[in-house]
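I opened the model today to look up a few positions. My notes follow, one spot at a time.

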Amino acid sequence: MSDIFREVEEEVRRERLEKIWKLYGDYIVAGIALLVIAVAGYELYARYQANQRIEASETLLAAETAAASGDFAKATDAYATVAKDAPGGYAKMAKMGQASVLLANGHRDEAIAIYKGVAADGGPIGDVALIRAGWAMAETAPRAEVQTMLAPLTDPTSPWQYMAREILAYADFHAGQTAAAQQEYAALAADKGATQAIRTRADSMATFLKQGGFKDFGTVPKPVAPAVTPANPAAPAPAQ
């Protein structure tokens with residue numbers, strides 16, 4: 001008796017499946033096809049991205065090598081290629097390289113503009129771009145402008161705060177505000193949170209400024225030329 005019920009249940013189940021297939025079979029097949037296509041597309045895209053990263057890495061390395069050897073024209077072309085076509089992180093690094101080459105060739109304003117553009121995107125690379133822009137501006141821009149730009153990095157929670165403070169101290173020093181610069185360097189040298197390298201530089205600068213820095217303490221008198229005596233004076237002429 002149980003076998004009969006089982007057969008009836010299987011028959012009902014089969015009929016339901018057939019109805020579902022007739023109603024939705026095309027959709028099921030289409031869904032499976034789309035899933036297969038999506039998986040294949042993702043694999044192709046991932047492979048394409050990997051190839052792009054490899055190519056960008058090689059071109060970026062070539063640009064760095066050219067820049068290090070002084071071939072700035074070749075480096076500029078390579079950086080431009082990566083900045084235009086490479087995935088995000090590589091493109092940002094290439095722009096940083098472009099700015100470094102421009103700065104090395106005296107094109108300060110163009111370099112700063114690129115640094116600021118990279119910094120606008122945020123992230124760790126953006127923070128590094130702000131630091132580089134700060135150093136580039138420290139000798140030419142008003143101190144207030146440098147401070148405003150570095151404001152996101154001077155927050156006590158920022159890991160970049162010590163580098164930003166060092167830049168601002170240098171900006172004061174270069175602007176002739178030696179007293180303020182000395183205090184800033186001294187505070188930085190005493191801050192245990194800063195790296196040893198920063199503390200050492202800051203301590204050296206604080207000591208240098210405390211001792212007068214480039215202040216002129218007087219002039220060195222010109223040396224007096226010694227009298228020149230002939231080595232073999234001529235003998236007097238005999239009397240006639």
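Where is the place of Val36? I found Val36 in helix H1. Helices here are DSSP runs (H or I, at least four residues), numbered from the N terminus.

I noted the ground rules next. This is a predicted model, where local features need pLDDT of at least 70, side-chain atom pairs count only at pLDDT 80 or more, and totals for chains, interfaces and linings use all residues. Residues are numbered from 1 along each chain as its sequence is written, and side-chain values use heavy atoms, with hydrogens and water left out.

**Val36.** I read 52% relative accessibility for Val36, so Val36 counts as exposed. The classes are buried under 20% relative accessible area, exposed over 50%, and partly exposed in between (1.4 Å probe, protein chains only). Val36 makes a nonpolar surface patch of about 260 Å² with Ile28 and Ile32. Such a patch joins nonpolar side chains within 5 Å, from residues with over 30% relative accessible area and no salt bridge (a side-chain nitrogen of Lys or Arg within 4 Å of a carboxyl oxygen of Asp or Glu).

**Asp71.** I located Asp71 in the loop between helix H1 (2–68) and helix H2 (72–85). Asp71 is partly exposed, because its relative accessible area is 35%. A polar atom of the Asp71 side chain lies 3.3 Å from the backbone nitrogen of Lys74. I also checked Val101, 30 residues away along the chain: its C-alpha atom is 9.9 Å from that of Asp71.

**Thr140.** I placed Thr140 in the loop between helix H5 (123–137) and helix H6 (143–150). Thr140 counts as exposed, at 53% relative accessibility.

Terms used: Helices (H or I, at least four residues) and strands (E, at least two) are DSSP runs, numbered from the N terminus. A polar contact is a pair of N or O atoms within 3.5 Å; within protein, one must be able to donate a hydrogen and the other to accept it, and residues adjacent in sequence count only if both atoms are side-chain atoms. Patches are made of residues with over 30% relative accessible area and no salt bridge: like charges are joined within 9 Å, nonpolar side chains (Val, Leu, Ile, Met, Phe, Trp, Tyr) within 5 Å. Accessible areas come from the Shrake-Rupley method with a 1.4 Å probe; for residues, only the protein chains shown count as cover.
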